[in-house]
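This report describes how the parts of a structure are arranged. Please look at the sequence and the model first, then read on.

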There are 2 protein chains.
Amino acid sequence: MSTRRATISDVAREAGVSVSTASVVFSGKTPTSEATRARVITAAEKLGYTGPDPRAASLRRGRSGIVGVVFDQHLGTAFQDPVTTHMMDGLAEGVSRLGAALLLLRDDGETISEPSLHTAPIDAAVLIGCNTRLRDSLEIVRARGIPVVVVEGDAGSDIPRVLLDNVEAQREAARHLADLGHRDVVIVTLPLDAQRRRGWLGSDDEARVDVTVDRLSGARQVFPHAPALAAAGSSIDEGAIAGRTIFADPERRPTAVIAQSDLLAAGVIRAAEEAGLEVPRDVSVTGFDGIVVDGLAPHVLTTLVQPATAKGRAAGEAVASMLEGSRPAGLDLTCAFRAGTTTAPPRTT
Amino acid sequence: MSTRRATISDVAREAGVSVSTASVVFSGKTPTSEATRARVITAAEKLGYTGPDPRAASLRRGRSGIVGVVFDQHLGTAFQDPVTTHMMDGLAEGVSRLGAALLLLRDDGETISEPSLHTAPIDAAVLIGCNTRLRDSLEIVRARGIPVVVVEGDAGSDIPRVLLDNVEAQREAARHLADLGHRDVVIVTLPLDAQRRRGWLGSDDEARVDVTVDRLSGARQVFPHAPALAAAGSSIDEGAIAGRTIFADPERRPTAVIAQSDLLAAGVIRAAEEAGLEVPRDVSVTGFDGIVVDGLAPHVLTTLVQPATAKGRAAGEAVASMLEGSRPAGLDLTCAFRAGTTTAPPRTT
DNA sequence: TTGTAAGCGTTATCAA
DNA sequence: TTGATAACGCTTACAA
């Protein structure tokens, strides 16, 4: 078994046809007679040839059929967020018209090993996560001349991007709370930057991640002076940590909490209940994302439902059309406000 | 801007050296004088050459630096399970010594679009999920002569695989319940096959997925006649659905439930509480996986802690060593029993 | 419908 | 330390 794998020219020789004919039989790009086709197939089977070597084909064609998805954190961490997994689902679907597969790439600043963003055989890239590191990744990809789409991040005007109306959506939720009569509100934010420091914000400028910044600014339009507390990630446990901080002092409890994600909101609710508070009677809580939080029942979160799958699909389709030569405009997706059972007027004491 | 991208020979010409010299400057595989090196780098920068084209390099080298990960379900669904995401994390780490990236591939039986398992430029493959479809995927990959590792599935003796001691581990949990005095037990299983039908099992033979089969058989060694109820997936909600079925009839409530995953167990617990039962006083529940179930507190699940990340890492390392020429033996990982607060002796009525 | 021939951009080998 | 040259395996004008 030390013989090398059969190539298309082996098959052609065996079938008694030229290589180009054999090639065409496999690609189907040119009609062939049934007889030669059969001969080629038979020869291929005999030699154990399973089809063109994708490496050679991609060199020749100038396409690999692979789209890189770039994360700025551990894959495990990224996938722990349902929004990300839904987006991946949509992305997979979106690039499928291209027949492309997704290559997981992590941009951790200094990748020693290959293939990194520098060397991966990708036809296009989708950048996710969108913090400050995004710029570097973007630079690498652009230098390589690879089409790129950015999801929820500011990439400069000439890069197609898929955006959410984070500012407006979050403002709507804040407005909802204000309309209910809340004045004493605390904001729980997503991570501020790659450091993921927990704690109260001294200034809104500390937030560097676009999503965080935008949602914060939306809330600020209604509650300019509400204290903001940063979480280190988007999870129920992080929300609970923030919630415990918020509800620690009975004297200074807010009447409502604006959480920048549903997972955070679920954690805040849990912390509230631990502190003996009833939601929404004692404290109202809003989330963001509109995901199904496994384990939150019977509460129905008041939240902004974002089209996570659509976001991924849009990114995938944008990539597909760039590869087909057009320059897609960015796409702005909108979130839908959903009133749930976790908000109510503040208790009048 | 209509000029094609610069190639290494453009760079060589610009720098006044041969292509082979330019090539080694980039690969670093052969020493070069500092002077030529600098000339080449300068020329590359001037021409906007960002390094060798990965497609050409991979053709020449016979390696793409990509490892395919094959799922048998929607990516979104697969990633909803923390065990999978942890495994992906480990996998990413395991292949990193190879410097490989992960290509997400879905084997949905009949992939029309490319690149599929048939055509993706992968150096090796890791098969996950392990149901009946596994066989087909395996066949495809083997025909291509690509090294493959199977995670938690029976692939025939000559395929390296990473296995868990599902049978023994589950038996240990069952034994724990029996030792506590439980006799009236119900088993909630993971999906039986690709159909994912919910409901009571007529016969254990209905289970086709290896993990399900093994965990069932472990429980059977202690409780040969316990009724088994199949869930349609591994989630809290699926567990709750099963739990509601189990606790529907107050006359026939078991004193303990063996759930084949932690998520299912969490759902069963929720259903029990909905039915006015207290865990573990009225009913004991065991899980499997040892993941952190966001939202389960204050309960600590009695469960089998599986090394999910290690499983992925082992698979990645196995792939790496196969690519380096050796034939790794399969690896058997063991689960650790963890007694939590969700099991207790049955209530003596 | 089939064949000829020219690359695709690299890297490995070997000689200088 | 550098250079000439031959693959790597395939696809696609273009010609027959």
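## DNA strand D

Sugar or phosphate accounts for 63% of the atoms of DNA strand D within 4 Å of the protein, and bases for the rest. The model is predicted: local features need pLDDT of at least 70, side-chain atom pairs count only at pLDDT 80 or more, and totals for chains, interfaces and linings use all residues. Residues are numbered from 1 along each chain as its sequence is written, chains are lettered from A and ligands numbered from 1 in the order in which they are written, and side-chain values use heavy atoms, with hydrogens and water left out.

A residue is near a strand if one of its heavy atoms lies within 4 Å of it. DNA strand D is surrounded by 22 residues, of which the closest are I8(A), Y49(A), R60(A), T21(B) and T36(B). R60(A) points to a base instead: a polar side-chain atom of R60(A) lies 2.6 Å from a base oxygen of DNA strand D. The elements that give two or more residues to the surface near DNA strand D are α2 and α4 of chain A, with α2 (19-27) and α4 (54-61) of chain B. The largest share, three residues, comes from α4(A). Helices (H or I, at least four residues) and strands (E, at least two) are DSSP runs, numbered from the N terminus.

## DNA strand C

Which residues come nearest to DNA strand C? Of the 23 residues around DNA strand C, they are S20(A), T21(A), T36(A), I8(B) and R60(B). Within 4 Å of the protein, 62% of the atoms of DNA strand C belong to sugar or phosphate and the rest to bases.

Phosphate oxygens of DNA strand C lie 2.6 Å from a polar side-chain atom of T21(A), 2.6 Å from a polar backbone atom of I8(B) and 2.7 Å from an N or O atom in the side chain of S23(B). Two or more residues each are given to the surface near DNA strand C by α2 and α4 of chain A and by α2 and α4 of chain B. With three residues, α4(B) gives the most.

## Two copies of the chain

Chain A is superposed on chain B by a rotation of 180° with 0.0 Å of shift along its axis, at an RMSD of 0.1 Å. The copies are thus related as by a two-fold rotation axis. The C-alpha of chain A nearest the axis belongs to L103(A), 2.2 Å from it. Copies are superposed by least squares on the C-alpha atoms of residues with pLDDT of at least 70 in both.

Of the interface residues of chain A, 98% are also interface residues in chain B, so the copies meet through the same surface. Contact here means heavy atoms within 4.5 Å.

## Aromatic rings

Over all chains there are five aromatic pairs. Rings of Phe, Tyr and Trp (its six-membered ring) pair if their centres lie within 6.5 Å; planes under 30 degrees apart count as stacked, over 60 as edge-to-face and the rest as tilted. F26(A) and Y49(A) are an edge-to-face pair, 5.2 Å centre to centre with 65° between the planes. F26(A) lies in helix α2 (residues 19-27) of chain A and Y49(A) in the loop between α3 (34-47) and α4 (54-61) of chain A, so the pair ties together parts that are 23 residues apart in sequence. F26(A) is partly exposed at 27% relative accessible area, whereas Y49(A) is buried at 10%. Buried means under 20% relative accessible area, exposed over 50%, and partly exposed in between (1.4 Å probe, protein chains only).

F79(A) and F79(B) are stacked, 4.1 Å centre to centre with 10° between the planes. Each lies in helix α5 (residues 75-79) of its own chain, so the pair joins two chains. F79(A) is buried, with a relative accessible area of 1%, and F79(B) is buried, also at 1%. Ring pairs link F71(A), F79(A), F71(B) and F79(B) into a cluster.

Terms used
A polar contact is a pair of N or O atoms within 3.5 Å; within protein, one must be able to donate a hydrogen and the other to accept it, and residues adjacent in sequence count only if both atoms are side-chain atoms.
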